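Please have the sequence and the model in view while reading.

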Amino acid sequence: LISNAPLASAIAGVVAGGGSAEDTSQVVGEFIFPYIEHWYGDHAPKLTGMLLEMEVCDLLHLTEDLFSLNAKLDEAIGVLIKAGKVPEGTARPQ
């Protein structure tokens, strides 16, 4: 499971500094990217970008619930497969 304590601290810093929702999304993206990269390798930048299009509150939920994050990643990779952007059969190992 991903510990989101460092994320909470980073977001608190963004909020205290008057950061925007986009700044918060950037922090979340930097937090989740290593996890996505571990499972999806070269597809991690695109997948992370797709997730960052979500509302900040929904993004934060994904950092608290690994099942939800994996489900959203499975959904995103499915979209990329249908669009022909990644090869058929690309999926997170079970």
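The model is predicted.

**Helix α4**
- Helix α4 spans residues 56–64, and V56, L59, L62 and T63 are buried in it.
- Viewed down the axis of α4, these buried residues fall within an arc of 115 degrees, so they line one face of the helix.
- C57 and E64 are exposed, on the other side of α4.

**Contact of α4 with α5**
- The axes of α4 and α5 come within 5 Å and cross at roughly 115 degrees.
- On the α4 side the contact is made by H61, L62 and E64, and on the α5 side by L66, S68, L69 and K72.
- By type, the residues of this contact are three nonpolar, two polar and two charged.
- L62 of α4 is buried and takes part in the contact with α5.
- E64 of α4 is exposed and also belongs to the contact.

**Salt bridge in α5**
- The count of salt bridges comes to one.
- K72 pairs with E75 in a salt bridge, with the closest N and O atoms 3.6 Å apart.
- K72 and E75 are three residues apart in helix α5 (residues 66–82), so about one helical turn separates them.
- K72 has 26% relative accessibility and therefore counts as partly exposed.

Conventions: Residues numbered from 1 in each chain as written. Predicted model: local features only at pLDDT ≥ 70, side-chain atom pairs only at ≥ 80, totals over all residues. Heavy atoms only, no water. Buried < 20%, exposed > 50% of the residue type's maximum accessible area, 1.4 Å probe, protein only. Helix = DSSP H or I, 4+ residues; strand = E, 2+ residues; numbered from the N terminus. Arc of directions from axis to C-beta. Salt bridge = Lys/Arg side-chain N within 4 Å of Asp/Glu carboxyl O. Axes fitted to C-alpha atoms, helices over the stretch in contact; angles between N-to-C directions. Contact = heavy atoms within 4.5 Å. Nonpolar A, V, L, I, M, F, W, Y, C, P; charged D, E, K, R; others polar.
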